[in-house]
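I opened a new notebook page for this chain. These are my entries, in the order I looked things up.

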Amino acid sequence: MERINVLWADDEIDLLKPHILFLKDKGYDVQPAASGDEALELAEKNDYSVVLLDENMPGLSGLETLNRLKAKYSDLPVIMITKSEEEHLMEDAIGSKISDYLIKPVNPNQILLSLKKTLDNRRLISEKTTSNYQQEFRQIGMTMGDRLNWPEWQEIYKKLVYWELELDSSKDESMSEILKMQKSEANKLYGKFIENNYIGWLNGKNPNPPMFSHTIFKQRVAPMLDKDETTFVVLIDNLRYDQWKVIQPIISDYFKVESEELYCSILPTATQYARNAFFAGLMPSEIEKRFPKLWLNDEEEGGKNMHEEELLAEQLKRLGKDVKMSYHKITNHAAGKKLSENMSNLMQNKLNVIVYNFVDMLSHARTEMEVIRELADDESAYRSITLSWFEHSPLHEIIKQIAAKKCKLVITTDHGTIKVTEPSKVVGDKNVNTNLRYKQGKSLDYVKKDVFEVRNPADAFLPKQHVSTAFVFVKEDMFFAYPNNYNYYVGYYRNTFQHGGVSLEEMIIPFITLSAK
């Protein structure tokens, strides 16, 4: 029988040796800790199946230890042992998601029963999750075989994300692999769907287009400005739907979700294009034509998202919304903290827009920095690091303040991101842009089956820098690589998170409307 590792923290641990020997005979390896601090140190170095935690310890209390354990290891079950039957203590503990609690003095059989109940419960939940996904797997597979429309693709993506999060909790690696394959198949079919429909949607030839980057503000935000309340639009750059789902429980402490919608990022799914379109309410070629001083093309020097506030002001004017508004772009922790301290000044405005760049910084940093590469090694870790950041970010504090003032809140993004694994060769001249998921330029040479190509940029409302300019967007989880220095390039960028191309993760993105509780 496989032995089970238990961490037991109690300031009187020496008196519990008989209990520990009893559990050892029953197949449990118990690691004693005499304080909360020691328990946290041991949890960092070792893997435990369950923690027994004394509530009444000197120094770091049991509840403080519990909170710190849960912040780092949210899935680790904790059994609280307390001398007190006071209700508020148990409420605190249960609010912190303990698995069970026992009242001192405890006898060895009580502890054994609690361990069995807690660990068996985890196993049963895991087995149930696996079994439910096995059934859904067939259903999703059959649905993907049909000719799907945009709402049906949204539902497929929602289901895939739901099962990703469920299987994260169950730790069933074999089912997670099967889900990964199913998601890969979905992305292959979604790429064909976009090739067949995208240009038609933009040009009014295909019916029932999605809400796009350039239409979402007019369709969803503008009507809110007619109501007698302050609206905050928080655009978190690069926030995928699965990342929204992991931060949703925290936000739900202060807000109720009025609507959870998904809209379609335009191509390229890159900040320069998608976010400018969001604020301008126009496609990139239309921005370039109407506001040539506010648009820079890929080949031009300078920041490509420097005029979002002016583009937003122009859109509001066009929509006949003469409202007092503010715009803030947060690119670092200090700027977030400063905004958090000055929130009271924003409450007189009808509209406040906050662009929060952290998730974008994280995904770029993941490519550049070894530490982040290790921290966000896979999709699950990427979600986890987003959650951890959000919990401790000034944005969390900002959202609490918005709730306290009973303002309306929109949380959205400009595009998502995908973990890339397969290189696709491309050749172009020295002016070709550096993005790994889309290329634009003259005389591009690429593998046609890997890309969605737009030979005439005007068809996709994209600027045309030269007579022979074309755009190509790589599909699925591929990334463009140049033949020269190919192996180094591929080794460096494989398994990094990128955006700009065609995938469910980049294009199907959240638009969440919330009202304060």
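**Ground rules.** I am working with a predicted model, where local features need pLDDT of at least 70, side-chain atom pairs count only at pLDDT 80 or more, and totals for chains, interfaces and linings use all residues. I number residues from 1 along each chain as its sequence is written, and side-chain values use heavy atoms, with hydrogens and water left out.

**Helix H7.** I take helices (H or I, at least four residues) and strands (E, at least two) as DSSP runs, numbered from the N terminus. H7 covers residues 173-202, 30 residues in total. From first C-alpha to last I read 41 Å, close to the expected 44 Å. That expected span is 1.5 Å times one less than the number of residues. H7 bends by about 35° at Asn 196. The bend is the angle between axes fitted to the seven residues ending there and the seven starting there. Gly 204 follows H7 and has a positive phi, near 75°.

Most peptide bonds are trans. I looked up Lys 104 and Pro 105: a cis bond joins them, with omega about -5°. Pro 105 sits in the loop between strand E5 (100-103) and helix H5 (108-144). Leu 267 and Pro 268 are also joined by a cis bond, omega about -5°. Pro 268 is in the loop between strand E7 (255-264) and helix H10 (271-280). Asn 238 is not a glycine, yet its phi is positive, near 75°. I find Asn 238 in the loop between strand E6 (231-236) and helix H9 (241-251).

**Salt bridges.** How many salt bridges are there? I count 29, each a side-chain nitrogen of Lys or Arg within 4 Å of a carboxyl oxygen of Asp or Glu. One of them pairs Glu 261 with Arg 220 at 2.8 Å, N to O. This pair links distant parts of the chain, with Glu 261 in strand E7 and Arg 220 in helix H8 (residues 216-221), 41 residues apart.
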